[in-house]
Amino acid sequence: KKGDLTSSIAAIKGDELKTLSSGNAMNSLQGKINGVQISSAGGPGTVPRVIIRGVSTVNGSNPLYVVDGMPVGDNINFLDQNDIESMQVLKDASATAVYGSKAGNGIVLVQTKKGKTGTPKVRYSMNLQLSQPTVLPAPLDTYEFAEMANQVYLNEGSEPFWTPEQMALIGKDPDYPNNNWQDLVLKNLSPEQKHTLSVGGGSEHTNYYVSLGYMGQEGILKSDASNLDRTTLRSNVTTKFENIGLEIN
């Protein structure tokens with residue numbers, strides 16, 4: 001409860017998280033909350049580094065994530081961005097009074113979507129995009145690298161590693177190709193697709209929400225190890241028995 005806190009709170013609505021398709025919802029908060037540093041790890045599905053009050057030496061530097069009132073650890077990779085209703089970041093040290101030492105690096109409170117009283121509503125969301133490597137430094141080709149390596153050996157007082165005969169073969173002999181290393185490692189375009197299907201509704205006493213999501217993302221490296229395929233299923237039911245509330249997640 002906010003009444004239990006004297007800390008600084010920053011909030012963001014779930015609609016603002018849809019502007020960026022990402023494997024982790026925290027990547028969508030980059031530059032949107034003052035005092036929170038978010039550094040993406042770069043690869044599909046990787047957990048970003050989140051620093052709320054500077055680097056800590058206790059329990060690492062990751063904040064504590066609390067989803068629908070339940071502490072879930074130091075990442076929320078299992079959540080689909082479209083399932084998030086709102087996120088709140090507790091930045092003050094007084095938050096530890098509620099959650100203990102695990103909250104020493106700050107807390108991210110996540111509220112997921114729930115069904116609302118009324119007729120069932122079916123929603124479908126699709127996102128397609130392409131990633132492309134940009135602002136690449138100009139690499140040395142094989143000939144330039146050989147020249148640089150020979151100069152290093154000469155500076156150390158040794159004989160050149162590449163002989164003049166080998167240097168003359170670079171780019172002319174199949175055994176001595178003149179490679180552009182970035183072309184060998186990086187793709188020109190990497191596709192990504194994201195689909196979310198949800199159903200929510202309820203009556204006077206019972207509300208429900210069910211969602212199914214899929215995310216497929218190829219990394220810009222020419223390797224299947226950099227790809228991400230993830231399917232998520234989430235549901236919640238809220239039932240009221242007279243004056244007693246029961247919620248099952």
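Strand S6 (residues 84-90) and strand S7 pair in the antiparallel sense over six bridges; pairing here asks that DSSP find at least two bridges between two strands. Within this pair, Met87 has Val110 of S7 as its bridge partner. S7 also has a parallel neighbour, strand S4 (residues 64-67), joined to S7 by four bridges.

Before we go on, a word on the model: it is predicted, with local features needing pLDDT of at least 70 and side-chain atom pairs counting only at pLDDT 80 or more, while totals for chains, interfaces and linings use all residues. Residues are numbered from 1 along each chain as its sequence is written, and side-chain values use heavy atoms, leaving out hydrogens and water.

Back to S7, which spans residues 107-112: five of its six residues are buried, so the strand is mostly covered. Buried stands for under 20% relative accessible area, exposed for over 50%, and partly exposed for what lies in between (1.4 Å probe, protein chains only).

Loops can hold buried residues too, and Asn27 is one to look at. Asn27 sits in the loop between strand S1 (9-13) and strand S2 (37-39). Asn27 counts as buried because its relative accessible area is 10%. Its C-alpha lies 8.7 Å from that of Val47, a residue 20 positions away in sequence.

Val122, Tyr124, Met126, Leu128, Leu197, Val199, Val210, Leu212 and Leu233 make a nonpolar patch of about 900 Å². Strand S8 (118-131), strand S9 (190-202) and strand S10 (206-217) each give two or more residues to this patch, and S8 gives the most, with four. To join such a patch, a residue needs over 30% relative accessible area and no salt bridge, and nonpolar side chains (Val, Leu, Ile, Met, Phe, Trp, Tyr) are linked within 5 Å. A salt bridge is a side-chain nitrogen of Lys or Arg within 4 Å of a carboxyl oxygen of Asp or Glu.

Finally, step back to the whole chain. The protein chain has four helices and twelve strands, taken as DSSP runs (H or I, at least four residues; E, at least two) and numbered from the N terminus. Of its 249 residues, 37% are buried. The chain exposes about 15000 Å², with carbon and sulfur atoms supplying 54% of it, by the Shrake-Rupley method with a 1.4 Å probe.

Technical notes. Patch = residues over 30% accessible without salt bridge, like charges linked within 9 Å, V, L, I, M, F, W, Y side chains within 5 Å.
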